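Please have a look at the sequence and structure first.

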Amino acid sequence: MLLAWASLGLATISMTVSAAPNEASKEHSATRAPIIVTMDAFQFQPDEIVIKRGQSVIFINKDEVPHTVTPDKKAHFIPSGIIKGGEQHEVSFESVGVQDYSCDFHPSMRGRVIVK
Ligand SMILES: [Cu+2]
């Protein structure tokens, strides 16, 4: 009887630990936390990042004008559409490789996501 209670207690503890967000993010198979890229002063910052397949990027527009995250012809991800000033948009990257993108309104705004 005492043993049963003790093992029940242990099970409860280990469940609590594995449910912690920090532990989950360390697991290789688990989806990693999104990366943040800002659109600030007409630049993507950082303009090059490396992520894992299936990971997403949150683009935050800190400018007062709208921007887009539009894939180049050879890139594979869903275009953001218009992201108004002060708003943000999450893009999921499901294809491995170099994904180049630009802003429809400001072609000099360019960025790259390397998906591994
Ligand atoms: Cu723009």
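Predicted model: local features only at pLDDT ≥ 70, side-chain atom pairs only at ≥ 80, totals over all residues.

The protein chain contains two helices and ten strands, and, read from the N terminus, the elements come in the order α-α-β-β-β-β-β-β-β-β-β-β.

**The chain as a whole**
- The protein chain has 116 residues, of which 16% count as buried.
- Among its contacts with a separation of 6 or more, 46% are between residues 24 or more positions apart.

**The open sheet**
- An open sheet is built from four strands in the order β2-β1-β4-β8, with mixed pairing.
- At the edges sit β2 (44-45) and β8 (88-92), each of which pairs on one side only.
- β4, made of residues 56-61, pairs with β8 over five bridges in the antiparallel sense.
- Within that pairing, Ile58 has Glu90 of β8 as its bridge partner.

- In soluble globular proteins, nonpolar side chains tend to be buried together.
- Here the largest nonpolar core has twelve residues: Val37, Met39, Phe44, Val57, Phe59, Val69, Phe93, Tyr101, Cys103, Met109, Val113 and Val115.
- At least two residues of this core come from each of β1 (35-39), β4 and β10 (110-115).
- Which residues is Val113 in contact with, leaving aside its neighbours within four places in sequence? They are Ile49, Ile51, Val57, Phe93 and Gln99.
- Of these contacts of Val113, Val57 and Phe93 also belong to the twelve-residue core.

Technical notes. Residues numbered from 1 in each chain as written. Pairing = 2+ DSSP bridges. Core = buried A, V, L, I, M, F, W, Y, C linked by C-beta atoms within 7 Å. Buried ≥ 20, exposed ≤ 12 C-beta atoms within 10 Å, placed from the backbone. Contact = placed C-beta atoms within 7 Å.
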